[in-house]
Amino acid sequence: MILTDLSVPGVRAARRMIELLLRLNVSAPLIEPVFSHVIPGPVTPQDAVRAIGKEPFSSFPATMPPRAVRMNDGNPTQR
């Protein structure tokens, strides 16, 4: 599994990692991209699939802002 967010550098790195694994003779069906922090932005999931060349195994929506705020406030368990 290759974990990537939907940023331009993240998608580019995922594509390069897949290319490297294929050159190392890793079977293509064993390589599974996973999209994390999926939010509306400049790179859509469809753009990422087109750039990477594979559908994601799974994708996870962005949930970091509330957690990051709590963590930065010094109380990660506060709700």
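1. Which handedness does the β-α-β unit of β1, α1 and β2 have? The unit is right-handed; a crossover is called that if, with the strands pointing away from the viewer, the path from the first strand over the helix to the second runs clockwise. Before going on, a word on the ground rules: this is a predicted model, where local features need pLDDT of at least 70 and side-chain atom pairs count only at pLDDT 80 or more, while totals for chains, interfaces and linings use all residues. Residues are numbered from 1 along each chain as its sequence is written, and side-chain values use heavy atoms, with hydrogens and water left out.

2. Let us start with the overall layout. The protein has three helices and three strands, and along the sequence they follow the pattern β-α-β-α-β-α. Helices (H or I, at least four residues) and strands (E, at least two) are DSSP runs, numbered from the N terminus. Of the 79 residues, 20% count as buried. Here buried means under 20% relative accessible area, exposed over 50%, and partly exposed in between (1.4 Å probe, protein chains only).

3. Now to the strand pairing, where two strands pair if DSSP finds at least two bridges between them. β1 and β2 pair in the parallel sense over four bridges, and Ile2 has Pro33 in β2 as its bridge partner. On to β3: strand β2 (residues 33-38) pairs with strand β3 (residues 58-61), again in the parallel sense, over three bridges. Phe35 stands opposite Ser59 in β3, and the chain gets from β2 to β3 through helix α2 (residues 45-52) in a right-handed β-α-β crossover. Another bridge pair to look at is Val38 with Pro61 in β3.

4. Do have a look at Thr4, which sits in strand β1 (residues 2-5). Thr4 counts as buried because its relative accessible area is 3%. Its side chain reaches the backbone oxygen of Gly10 at 2.8 Å. For reference, a polar contact is a pair of N or O atoms within 3.5 Å; within protein, one must be able to donate a hydrogen and the other to accept it, and residues adjacent in sequence count only if both atoms are side-chain atoms.

5. How many salt bridges are there? The count comes to two, with a salt bridge taken as a side-chain nitrogen of Lys or Arg within 4 Å of a carboxyl oxygen of Asp or Glu. In one of them, the side chains of Glu19 and Arg15 meet at 3.5 Å, N to O. Both residues lie in helix α1, four residues apart, about one turn of the helix. Glu19 is partly exposed, because its relative accessible area is 36%, and Arg15, at 37%, is partly exposed too.

6. The salt bridge between Arg50 and Asp47 has an N to O distance of 2.6 Å. These two residues belong to helix α2 and are three residues apart, about one turn of the helix. Arg50 is exposed, with a relative accessible area of 63%, whereas Asp47 counts as partly exposed at 27%.

7. On the surface, Met17, Leu20 and Leu24 form a nonpolar patch with about 270 Å² of accessible area together. Patches are made of residues with over 30% relative accessible area and no salt bridge, where like charges are joined within 9 Å and nonpolar side chains (Val, Leu, Ile, Met, Phe, Trp, Tyr) within 5 Å. The areas come from the Shrake-Rupley method with a 1.4 Å probe, and for residues only the protein chains shown count as cover.

8. Asn25, in the loop between α1 and β2, has a phi near 65 degrees, a positive value in a residue other than glycine. As background, most residues other than glycine have a negative phi. Asn25 counts as exposed, since its relative accessibility is 70%. Phe57, for its part, is found in the loop between α2 and β3 and is exposed, with a relative accessible area of 52%. Phe57 and Ile31 are 26 residues apart in sequence, and their C-alpha atoms are 9.2 Å apart in space.
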